[in-house]
Each structure stands twice: as structure tokens, then as C-alpha cells.
Amino acid sequence: METFDIVQRLEDQRLAIIEDTVNQAMNEPFWVQRFGEGINVRLKLDLDRNFGVLIQSIRYRSPMIFEDHTRWRRDQIRGFGCSTGHIREMYGNLWRAITRHTPEQWHAFIFGYMQTALEKLAFADATARAVAEQQSQLAEDLARATFDRQWHWQAAYHTDGRARLVHEYWYLVDYLVDALGVRSTTTLGQHVQWQRQTWIRRGLCTGHMQHTLWLLGEALAARLARGPAEEARNLLAAARGALVYQRESCQALQSIEADLIEQTAERLLAAGVAAGGEETTTEVGWYVAYLLDSMAAGVADPLLNYTRWMQHWLAHQGLPDSPLQLGYEALGEAITRLAPDYAAQEALAVLQIAHRALSA
């Protein structure tokens, strides 16, 4: 095999391979959602550099050149809010592009350089490795506990969206693996904030993100030994802190959240319009979570959209929306009693808009 011929062919097809790779990448919504429409330009520049180093590594028959570059690139993109999985996914796109533009007899040789570079991305940390080994299973655990069992996720992702949700869960675990590998929750925290906003646009809320992190902790406890599971769960707990809103009125409500839920649920149970204690508490928890998202955003849309969701769901079940109306009234009364005036006024204004929608 003539290394010169391989290098020459890769150089000749360089533009086509990079274009093919980026076109594949742009089929993944993450890039535009996270970085905007112009990200394809940046991706082409980065991929051209990656590909150039791969060619150099092959030219000098030195896998270490591409291995070192790949680790450096992973560290760089982590600073931009990406994870190790994004390098792996992009290299997969690059590999498919290479196979379409080079003779088949060279594929194994070229793939060897890419494979060794990807292997070097594995972290030395034992817990990070343990979680990575269970990554796909953990993503499935989360999908079964959310999409398969709760209509909120089904409404947000629709009947054909389960695979998309599993993909997002796989990346949530990937960010956790990185956090364990580098002993920092910064990028994981940024990711859960971004995922929260993505879910809000789908109709979910901060509460769903918090619940998912808790479910992931439970899945880790079921699949890993006690020590690694606790270590991973501690990082998840730290990442949950990134979901706390800094707005003063939100923090005021968050500090009394448990009391608001308890008092509202008690009112619904006393009125005989709620099915049971735990179920009612969960439902009221969603009211408060959507209310907090609305207050943080400065618009009533999150709670208003949830109100319409609930109206539709109740109607589909052949039920009236009177429990929802009473729930909002009871929550408003609890807020008036417990919250400071500045926070109460803001929260009640949002609740009033949602309440009016029930009578529209």
C-alpha cells in the first residue's frame, strides 16, 4: 500500500469530504439550536483542521499526531458547551464521508488512525468509565420512566419522538461522563440549563428537567456499584443547582415551594376534586414549576401553554377543567398568604392570565 497515494487522494477530495461531513452534522438539530444558523461555517473550519491533521498523521505514519489533536479538540469544544460525544459523532460523520470518496481497499487503514484517536478519549477515572459503559442502557432507562409512562413527554415529543428523546438522554449521560472525567460540573450545568430551555419550547418545564436528573440518579443506583453510583449522583445534585433561578421573585417562591404545594393540594383534596395525595401533590408541583418558568421568562406563556395542554387532556378524558380552575385559585390564595408582596404580585399576575384562559 502506498501511503503517498492515500494522502494524495484525501487531499484531492478534502473539500468534498468536509462538505459531506458538515452536511451530515447539520441534520442534527443540536448545532443550530445551540449555536445558531452560522455554525456550519465554524464546523467547516474546525473539520478542515481535524481532517488536515488526520492526513498529516497518515503521511508520517504517526497515529499519535491525530490522537493528541483529538484530545485537544475535545478539551476545546467542551469550553464551548459540547461533550466528548460530539467529537465521536462528528468523527462518525467524517468516516462516512471518507468512505464515499476513497477506494474501499484503503478504508481499514484510514479507520485505524481514527479508531485509535477515539479510544484515547476514554477517561482514566473509574467512575466515568463505569457510567460510559452503561450509557445507552441509562438513556433507555430514562425513556422508559418518562416517555413510556407519562403523557407530558408524549405530548412534547409526539408518537414518533421517542428516538429523539433517547438521543437527548444519551447526551445528558455523556455530559455526566465528562463531568466525572474532568471533575467539574460546569459544562454539565450549562447543558442542563440549555436542555431546560429546549424542553420549555416543547411545552415541558424546569420540573421535568429536575425530575429527569432524579430519575437518572435512580437508574445509576440500579446499574452501578454503590460507590460509583453515589459519586455520579453527587455530581447530578450539583448540576441541579444550575436550574435554580436567580431572579429575586423566583427565589422567594422557590423558598416556600413545598408549603405552596402542600396547602394547594390539601385544598383540592378537601374539595373532593383530586384523586389521591401523591398524585395531587405531583400535579400541583407542575403548576408551581410552570409558574416559576413564566416568572423567570417575564411572560405567562409557559403556564398558559400548560393550561391549554391540561384543558385538552382533561377534555380527551371526558373530564371538566374545574379541578384546574380550583387548583389555580387555591395556589393563588396560598401565594397571597405565604409570599412577600413583590413576589406575590408577580406570580398572581401570571396566574390570572392562565386562569382567564380557562374561561375563554
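What follows is a chat between two colleagues about how the labels on this predicted model were assigned.

Colleague: What should I know about the model before we start?
Modeller: It's a predicted model, so local features need pLDDT of at least 70, side-chain atom pairs count only at pLDDT 80 or more, and totals for chains, interfaces and linings use all residues. Residues are numbered from 1 along each chain as its sequence is written, and side-chain values use heavy atoms, with hydrogens and water left out.

Colleague: How do you know that the end-to-end span of helix α4 agrees with its residue count?
Modeller: Helices here are DSSP runs (H or I, at least four residues), numbered from the N terminus. The expected span is 1.5 Å times one less than the number of residues. Helix α4 has 21 residues, 39–59, so it should span 30 Å, and its end C-alpha atoms are 30 Å apart, which agrees.

Colleague: What does α4 pack against?
Modeller: Its buried residues, including I39, L43, F51 and I58, pack against α1, α2, α3, α5, α6 and α7. Contact means heavy atoms within 4.5 Å. Just after α4, R61 takes a positive phi of about 50°.

Colleague: Why is the pair F30 and W194 called edge-to-face?
Modeller: Rings of Phe, Tyr and Trp (its six-membered ring) pair if their centres lie within 6.5 Å; planes under 30 degrees apart are stacked, over 60 edge-to-face, and the rest tilted. The centres of F30 and W194 are 5.4 Å apart and the planes sit at 75°, so the pair is edge-to-face. F30 is in α3 and W194 in α12, so the pair ties together parts 164 residues apart in sequence. The two also belong to one aromatic cluster with W31 and F35.

Colleague: And what makes W153 and W199 an edge-to-face pair?
Modeller: The rings are 6.2 Å centre to centre, with 85° between the planes. W153 lies in α10 and W199 in α12, so that pair ties together parts 46 residues apart in sequence.

Colleague: Why is W153 called buried?
Modeller: Buried means under 20% relative accessible area, exposed means over 50%, and partly exposed is in between (1.4 Å probe, protein chains only). W153 has 0%, so it is buried. W199, at 1%, counts as buried as well.

Colleague: What makes you say that the charged end of R202 sits over the ring of Y157?
Modeller: The rule asks for NZ of Lys or CZ of Arg within 6 Å of the ring centre and within 35 degrees of the ring normal. The charged end of R202 is 3.9 Å from the centre of the Y157 ring.

Colleague: Why is R223 with D141 called a salt bridge?
Modeller: Side chains of opposite charge can pair when their charged atoms come close. The cut-off is a side-chain nitrogen of Lys or Arg within 4 Å of a carboxyl oxygen of Asp or Glu. For R223 and D141 the closest N and O atoms are 2.6 Å apart. The pair links α13 to α9, 82 residues apart. R223, at 35% relative accessibility, counts as partly exposed, whereas D141, at 16%, counts as buried.

Colleague: What about R247 and E346?
Modeller: They meet in a salt bridge at 3.1 Å, N to O. R247 lies in the loop between α14 and α15 and E346 in α20, so the pair ties together parts 99 residues apart in sequence.

Colleague: What makes a nonpolar core here, and how many residues has the largest one?
Modeller: It's a set of buried Ala, Val, Leu, Ile, Met, Phe, Trp, Tyr and Cys residues joined through side-chain atoms within 4.5 Å. The largest has 118 residues, and L253 is one of those with the most contacts inside it. Among the residues that L253 touches are L260, L291 and I335.

Colleague: Why does H152 count as buried?
Modeller: Its relative accessibility is 4%, so it counts as buried. H152 is found in α10, and its contacts beyond four places in sequence include H208, W286 and Y306.

Technical notes
Helices (H or I, at least four residues) and strands (E, at least two) are DSSP runs, numbered from the N terminus.
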